[in-house]
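Trainee: Could we go through this structure together, please? I shall ask about one topic at a time.

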Amino acid sequence: MVFHEEESLVQANERVDFFKREKIQLIQSSDFFNMSADAILLADFIQLPNKRHFRYIDLCSGNGVIPLLLSVRTQQKLYGIELQSELVDMAQRSVALNGLTDQVEIFQGDVNQIDLSYWREMDIISCNPPYFLVDENTTIHHKTPHAIARHELYLTLDQWVSQASRMLKTKGKLFLVHRPNRLDDLTETLLKYRFSIHRIKFVYPKPQSQANMVLIEAIYQGGRHGVKIEPPIVVHQEDNSYTPEMMDVYYG
């Protein structure tokens with residue numbers, strides 16, 4: 001879908017994707033790790049407060065897709081922090097393309113070095129972090145944008161959960177998406193930093209497949225009152241078409 005604003009905001013090596021349900025445009029480039037279903041499902045999983053004012057930030061924001069998708073559900077200011085400056089530039093142009101510069105702000109920064117004198121007492125944090133561990137047997141190109149987005153080169157699980165615990169107010173909520181094979185690490189790390197796990201939702205690529213994503217809502221210093229395992233979501237039917245649930249997420 002082509003919009004007249006693209007001429008000045010979209011570069012030659014980029015494209016604009018359109019989210020029909022939210023009516024949001026997103027600039028993407030094959031030179032970088034593109035948004036995928038995990039970010040869309042995380043945005044759909046996040047529950048925003050009903051109160052008039054709340055503070056929210058998205059860690060590892062990439063091209064800003066999660067704050068952009070959430071912008072249609074609230075009038076509150078939404079922030080995102082991303083390490084890679086090229087992705088920040090792309091996200092900022094997406095914000096402008098949607099006319100959301102007064103509501104959504106994506107800034108460049110390292111989660112490990114975020115200014116805790118300002119970014120504290122947050123109500124909600126979301127994170128679609130790097131999933132993969134790095135060890136001596138891992139073969140990756142350490143400086144490529146794709147590797148930075150996918151592997152724990154500059155930000156480990158322990159680091160971003162630790163920072164989230166410093167940034168959230170008591171009973172503030174952390175929403176995240178990760179891989180099920182890291183669920184033991186996730187649980188251990190969340191408990192270490194005084195999070196209680198409140199909701200879990202598994203995502204399956206097809207009906208007979210093993211889960212390949214897990215969505216988690218955790219509450220900082222929330223006390224342990226039982227974990228809710230929500231009904232799973234299956235992305236594709238056996239013929240590779242989207243399931244009705246995913247059709248609703250994408251198209252409404």
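Trainee: Is Pro130 buried or exposed?
Mentor: Pro130 is buried, because its relative accessible area is 7% (buried means under 20% relative accessible area, exposed over 50% and partly exposed in between, with a 1.4 Å probe and protein chains only). The model is a predicted one, in which local features need pLDDT of at least 70 and side-chain atom pairs count only at pLDDT 80 or more, whereas totals for chains, interfaces and linings use all residues. Residues are numbered from 1 along each chain as its sequence is written, and side-chain values use heavy atoms, with hydrogens and water left out.

Trainee: Where is the place of Pro130?
Mentor: Pro130 belongs to the loop between strand E6 (122-127) and helix H5 (145-150). Helices (H or I, at least four residues) and strands (E, at least two) are DSSP runs, numbered from the N terminus. Between Pro130 and Leu157 there are 27 residues in sequence and 8.1 Å in space, C-alpha to C-alpha.

Trainee: How many helices and strands are there in the chain?
Mentor: The chain has eight helices and eleven strands. Of its 252 residues, 50% count as buried. Among contacts between residues at least 6 apart in sequence, 69% join residues at least 24 apart; contact means heavy atoms within 4.5 Å.

Trainee: Turning to helix packing, at what angle do H6 and H7 pack?
Mentor: Helix H6 (residues 157-167) and helix H7 (residues 183-192) pack at about 35 degrees, and their axes are 9 Å apart. Axes are lines fitted to C-alpha atoms, for helices over the stretch in contact, and angles run from 0 to 180 degrees between N-to-C directions.

Trainee: And which residues make that contact?
Mentor: H6 contributes Leu157, Asp158 and Val161, while H7 contributes Asp185, Leu186, Thr189, Leu190 and Lys192. By class, four of the residues in this contact are nonpolar, one is polar and three are charged. In this scheme Ala, Val, Leu, Ile, Met, Phe, Trp, Tyr, Cys and Pro count as nonpolar, Asp, Glu, Lys and Arg as charged, and the others, Gly among them, as polar.

Trainee: Which residues are buried in H7?
Mentor: They are Leu186, Thr189 and Leu190. These buried residues fall within an arc of 100 degrees seen down the axis of H7, so they line one face of the helix; the arc is that of the directions from the helix axis to the C-beta atoms. They pack against H6, strand E7 (168-178), E8 and E9. On the other side of H7, Asp184, Glu188 and Lys192 are exposed.

Trainee: What follows H7?
Mentor: Arg194 does, with a positive phi near 70 degrees, although Arg194 is not a glycine. Most residues other than glycine have a negative phi. Arg194 sits in the loop between H7 and E8 and counts as exposed, because its relative accessibility is 53%.

Trainee: What about phi of Asn240?
Mentor: Asn240 also has a positive value, near 75 degrees, and is a residue other than glycine. Asn240 is in the loop between E11 and H8 and is exposed, at a relative accessible area of 52%.

Trainee: Then which are the buried residues of H8?
Mentor: In helix H8 (residues 244-251) they are Met246, Val249 and Tyr250. They are on the same side of H8, because they cover an arc of only 90 degrees around the axis. Their cover includes helix H2 (37-45) and strand E11 (233-234). Just after H8, Gly252 has a positive phi of about 80 degrees.

Trainee: Next, Arg199: buried or exposed?
Mentor: Arg199, in strand E8 (residues 195-204), is buried, with a relative accessible area of 6%.

Trainee: With which side chain does the side chain of Arg199 make a polar contact?
Mentor: The partner is the side chain of Glu230, at 2.6 Å. A polar contact is a pair of N or O atoms within 3.5 Å; within protein, one must be able to donate a hydrogen and the other to accept it, and residues adjacent in sequence count only if both atoms are side-chain atoms.

Trainee: Lastly, where is Ile219 found?
Mentor: Ile219 is in strand E9 (residues 213-220) and is buried, with a relative accessible area of 15%. Leaving aside neighbours within four places in sequence, its contacts include Lys171, Arg194, Phe195 and His198. Ile219 and Phe195 are 5.3 Å apart, C-alpha to C-alpha, and 24 residues apart in sequence.
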